[in-house]
Amino acid sequence: MSPKKRALSGSRAKARLGILGAAAFLLALLTGTARPATPKTETEPRAFSIYPLGNRPGTSYQAQIRGVKLQDAQALWFETDGIQARIDHALRDPESDPNAATPSDLVNVHVVIASSAKPGSYLFRVVTKQGVSNAISMRVTDERTIAEPESLTGEPEHAPRLEAFPLVMNGRIAKKGEVDYYRFDAHAGETLSFEAFSGFSAFDPSITILEPSGSWFDPHRLNRIAFNDEPLYFPDFSTDAKLVHRFERGGSYLVSVAAFEGRGASNDVYQLRISAGPGTPPSLRTLPKPGWQEHTFTRRVSADWLKHLRERGALVQPAEDLETFHAVEDSVKPLPAMKVPGIVEGVISRPGETQRIAFHIRDSQDLVLEVETADATVPLFNPVLRVLDSTGREVVTNVYTQLNNCGGYMMKTIQPKIAVSLGATGDYSLEIHDITADAAGTNFAYRVLIRRQIPHIGKVEVEQERINLAPGEAKQISVAIEREENYSGLVALTVEGLPPGVHAVAGSEAEEDKPPLMNGGKVERYFPKKQRSVLLLMAAPDAPVSSMPQMARIVVRPISDGKVAQVVDTEFVPLMVVANSENTPPIAHATGSKP
């Protein structure tokens, strides 16, 4: 669980509150009376949620989209041809906060899911006169799907009965403290799986199973017999709840869905899925991310990894072949030896186990070590790497250490990639173990690649998620490029797929004045250098207004020996040319698919 989710002991809590109170008092003396921050006003369309969150293939149904700046919504833009929708009407959301800087809107739509649509999560955007919104998702399920009754009161005694599993229930926790209860029957010895999928990024659902077994004081009391907030809380892990329970006694039970810490808001939509059996185990890994991933334990260190790196560095020489080796327990003598470049595989199957393998370096070499956790990963399996010289002295480790400037203590984190210069010919060994002495398992599998450094372009990210541009207006696209392993070559950025009347030029912005990182440790070993570039999109005064968004493509190519190399990355940004005034002819209510 996260720090905010862990309960502190009474003494620690009192001490911490005392420190915080003193800090707040001193801050008030230094800064004067604090004033509430001015609420941020939204200037562009933004969608938050859709309810119901989804349905089965071959169905059509009414849904509501909540967001801001959506009152002139005219179309939905899906990333698949298997889902279509029609805008019925849009209005101010009756549940909108009257004190909000930008009141929320409610868009009523009619959704049609094709019978050929595959189960999964699908992104879509709302198209308005003011431009295209951000992307939100809806779900297509392959099981019977229903919506919570409009008469749902949130009282356990009036809970609707669910039966005939598998079943998916669309629901919404619309207010603070609200709890949705559903009744079901279970047989003695039966195992059921319960999953709650969130349809809003800020909504963290929890599941509770209750038994009406009573107590000495209240024969009708509901007693909690199982609970789940999420299988494992960790950054970039899913916060959807999953609970598998075997019922010792047959009878009638209740399952409830609520927001973490009793929260609740109009956008807190969910799907509750109930199925027989234990189902699929939860994925205790980071959620998949688009684009190039290099600094993560879960990226695949494959046999063609060197080929991909050389392509991103515009290197024409063929990549070296990678041979796979296996490490042994450190008590084994002599140690097996590996060639560089090469891949080391192994499994930390016993608590406290340490595995090692030897390698030889000729002359001075700049090396990289990359570790992949093939099954269990951080925070369950935390692989620590150490390179030792022939005397047993540690040369480098994947434990990054820096000094905390506030508390004065050392902060240590393990990293999936290390760059190091070995300055002399010699014999070395690689040591691998878990960060603890009591965690291990047959799923604690690792792969470590040792190779020479290959300067190349790393991760590329575009800051803007969409661009809405008025005629005669210019807006920037900020592109962050990671330069890996001292890549110093030129990088070409071009923009393709622009609508008529829009062109792109190179731009420049004022550099942010950042002080050097004090006591940052050996940052160059573990992290790439980052560069920020700016492109300007400029719309001519007579640029025609867009009827639907168009995908602009930001194309990245390295430059080698004055020649433009092949494309190494392409980032997509939806773009629309929007009218300067509100007096534009309305677009026919339509649906669109991403080209």
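1. In this note, two residues are in contact, or touch, when they have heavy atoms within 4.5 Å of each other. By that rule, and not counting residues up to four places away in sequence, Tyr-446 touches Ala-327, Val-344, Glu-345, Gly-346, Val-347, Ile-348, Gln-355, Glu-372, Phe-381 and Ile-432.

2. Please keep in mind that this is a predicted model, in which local features need pLDDT of at least 70 and side-chain atom pairs count only at pLDDT 80 or more, while totals for chains, interfaces and linings use all residues. Residues are numbered from 1 along each chain as its sequence is written, and side-chain values use heavy atoms, with hydrogens and water left out.

3. Tyr-446 also belongs to the largest nonpolar core, where Val-344, Phe-359, Leu-430, Tyr-446, Val-448 and Ile-450 touch the most other members out of 35 residues. A nonpolar core is a set of buried Ala, Val, Leu, Ile, Met, Phe, Trp, Tyr and Cys residues joined through side-chain atoms within 4.5 Å, and buried means under 20% relative accessible area, with a 1.4 Å probe and protein chains only. Among the elements that give two or more residues to this core are strand S23 (354-361), strand S30 (426-434) and strand S31 (445-452); strands are DSSP runs (E, at least two residues), and helices are such runs too (H or I, at least four), numbered from the N terminus. In soluble globular proteins, nonpolar side chains tend to be buried together.

4. The largest pocket has a volume of about 1600 Å³, and of its 49 lining residues the closest to its centre are Ser-121, Ser-198, Ser-238, Asp-240 and Leu-287. A pocket is an open set of points on a 1 Å grid over the protein atoms alone, where a 1.4 Å probe fits, with protein on both sides within 12 Å along at least five of seven lines, and lining residues have an atom within 4 Å of a point.

5. The second largest pocket has a volume of about 1000 Å³, and of its 35 lining residues the closest to its centre are Asp-236, Lys-289, His-295, Thr-296 and Pro-416. Strand S34 gives the most to this lining, with four residues.

6. Where along the chain is Ile-481 placed? Ile-481 is in strand S34, and this residue is buried, with a relative accessible area of 1%. Leaving aside neighbours within four places in sequence, Ile-481 is in contact with Ile-457, Lys-459, Val-460, Val-491, Leu-493, Lys-529, Lys-530 and Gln-531.

Definitions and conventions. Grid points are joined across faces, edges and corners, and a volume is the space filled by probe spheres set on the points. Buried means under 20% relative accessible area, exposed over 50%, partly exposed in between (1.4 Å probe, protein chains only).
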